Structures are given as structure tokens and as C-alpha cells.
Amino acid sequence: MTLLSEAHEISDIAFGFMGSKALFAALEFGLFDALAEGPRSAEEIGAACDLHPERARTLLTALTGLGVVSVEGGRFANSPAAAAFLVKGEKYDFSDYLRLQVGRQMYPLMSQLEAALKDDLPEGATGSYAQWFSDPEEARLYSDSQHAGSLGPAGVLARRLDLSNARRMLDVGGGTGAFSITFCKAFPQLQSTIVDFPNVVAVGREKVAEAGLEARITYKEADATNLDWPEGQDVVLMSYLLSGVPAAAHAPLFEAAFRALRPGGLLLVHDFVVRGDRSGPHLTALWQLQHTAFTPQAASLDASGLSSALGQAGFAEVTVGPMIPEMTMLAQAQKPE
């Protein structure tokens, strides 16, 4: 690698925020939806998205440089990836998750990072999920977008697991119930209890009702780290929980899961977990850093450390492996019979 290419590599990192904002702006204006109808000129996109044609052309050019839009003969079109993932109504669409949660919430919170790394957040800054979700509007915005972003991984996990013999599941920090809803649809005998903050529960009950699963999915309004959980569970699920709580809470959470499970019960931990040698994946590591921006005591989880911690909590047959490629991992562990 030449010195010039190394400089470009650093520039790509330094200017990455510009690409993020270009993507979020395009989502806010519905640009990818407008392009779903076929190649269009900047003038046509400007009219469809209520943008001045020159501003539309500038944004489209940036998106072309990023590879999510192509151009030929002055007419712009969605890339295959944009058509699959960024157009409303498409099977794999997760545009609302990116637009609402990542663009409107996570992105601004990164401005706290330097202070959080010094463990010196100023008064009034967001310092935990509990504080953040005490605002009903913020809780709803996050929960609606997270629900859309979690349905895909939930479906993948439901197909990977055999829970046909499980009757009771505890979904700790389960939010609006994307995993519980998906699992209950896949396994008709399963019932789930979700533990989460009151303002999240309010949104979750709406999602459960829409799915017609009120009789099988119930909520317990509580901070999951309070550890007041119902026992006798066949499955305990923690998805995206560990990365958003202080590191000191991990061992008590594992111990509480062990108590909540019946002998032979299964613990599932799905989260941002890097490889044991901490060489990546880079997106996983960045998500861990993002959580630090508003949870300064959060920990960077690695596969080896997570496996060891579960063993110390008494679990057996511990495995840790990829879940969302290059993003999350899934740990499975059993309470001994």
C-alpha cells in the first residue's frame, strides 16, 4: 500500500460522517422510493422529493459516489442494494431503522463520545437507556424503528433454533417484542414474558396486539437490571441487552438468567460481540463504541470473554458464533440438568 492510498484510507474514515448524512437525508426525502419507479433525472427527482433540482443533483451525485445510486446519460437509478434494503415495502427494507433510530437518535448521541470516554458526561446529557427512555417520544421513536430492524434477525434465529419443546420464554429487554412475536408465530406452543421499561412496553403492547398474540405474550414493566424475573423458564433471551448496560451488570444478569431457567433450559445472548482476538468485525466494534457514547460504563464484549463469563455463571455447552454476518454474534448456553 502506498503512502497516498494510506492517506485516502484515513480520509475515508474522517469524512465518513458526510456519507452517513447523505444517506439519512436521502431517506428523509424519500429519494430511494422515488427512484424505485425507474431511472429519473435530477429534475424529476427534485419534483418528486420537493427539492430544488440542483440540490437534488448534488445529493444524487454524492450517493452515486457512495455506490448506492448509479447514473447513466444523466438519469439516476437505485443500486441493487438500495433497491433491496432502502425502498419502502420491499421484503428486506430496513430504511426506517436507519432513518429514525440511527439517523435521528444514534448519530446525534455520538457527539457525546469524547466526554463519555472520559466518563465525564455533562449535566443533561443522555447517560443510560433508562434516562433516554424516560421520555415517551424518544422511547416510541427508538422502539418503532428497532422493531423494524429486529424482525429480520428474529426470523433468521427462529429458523435456526428448534424450540418445539419450549413452553415458557423470558425475553429480557425485549423491547416491542420483535423476537417474541416471531418466535411465538414459529412455535405455536410457546408463551413469552417481556421485561422492559414502561414507555417501551406501551409501544410493545401495540405491536403484540397487531400480531394477535396478547394471550401468549405478556409484559413486565421494569428495568431488566433489577433482576426481578419469573422463574421456571425454558428459554431466556437477551438480545442487544449487554451492550447497553454497565459492564458490572453482566455477571448479575447471567446469574439471574441461571436462576430463572429450569434445569436443561436454554440461554440465548444476541449482541454486538467482537472476535476473541479483538481484530473486528469493524462494524461490531463501532456499535460497541456508539453505546459507550451514552452508557459510559458499557463494555466491549468479545467472544472468548463472553463464553468464559457464561461458564463462570454455571452454564454448560456454551457456544458463541456469528449471527448477523460481520455485525452480531449469538451465544447459546444450557443450564445443566
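In this predicted model, helix α7 and helix α10 (residues 136-160) have axes that come within 8 Å and cross at roughly 140°; axes here are lines fitted to C-alpha atoms over the stretch in contact, with angles running from 0 to 180 degrees between N-to-C directions. Helices are DSSP runs of H or I with at least four residues, numbered from the N terminus. α7 is therefore oblique to α10, a term for angles that are not under 35 degrees (roughly parallel), over 145 (roughly antiparallel) or 65 to 115 (roughly perpendicular). The crossing of α7 and α10 is left-handed, in that the near helix is turned anticlockwise from the far one by less than a right angle.

On the α7 side, Asp96, Tyr97, Leu100, Gln101, Arg104, Gln105 and Met106 meet Glu138, Leu141, Tyr142, Ser145, Gln146 and Gly149 of α10, contact meaning heavy atoms within 4.5 Å. This contact has five nonpolar, five polar and three charged residues; Ala, Val, Leu, Ile, Met, Phe, Trp, Tyr, Cys and Pro count as nonpolar, Asp, Glu, Lys and Arg as charged, and the others, Gly among them, as polar.

Turning to the other partner, helix α2 (residues 16-28) packs with α7 (residues 95-109) at an angle of about 125°, the axes being 10 Å apart. α2 and α7 are therefore oblique to each other, and their crossing is left-handed. Phe17, Ser20, Lys21, Phe24, Leu27 and Glu28 of α2 make the contact with Ser95, Leu98, Arg99, Val102, Gly103, Arg104 and Tyr107 of α7. By class, the residues of the contact of α2 with α7 are six nonpolar, three polar and four charged.

Residues are numbered from 1 along each chain as its sequence is written, and side-chain values use heavy atoms, with hydrogens and water left out. Local features need pLDDT of at least 70 and side-chain atom pairs count only at pLDDT 80 or more, whereas totals for chains, interfaces and linings use all residues.

Methods: Helices (H or I, at least four residues) and strands (E, at least two) are DSSP runs, numbered from the N terminus.
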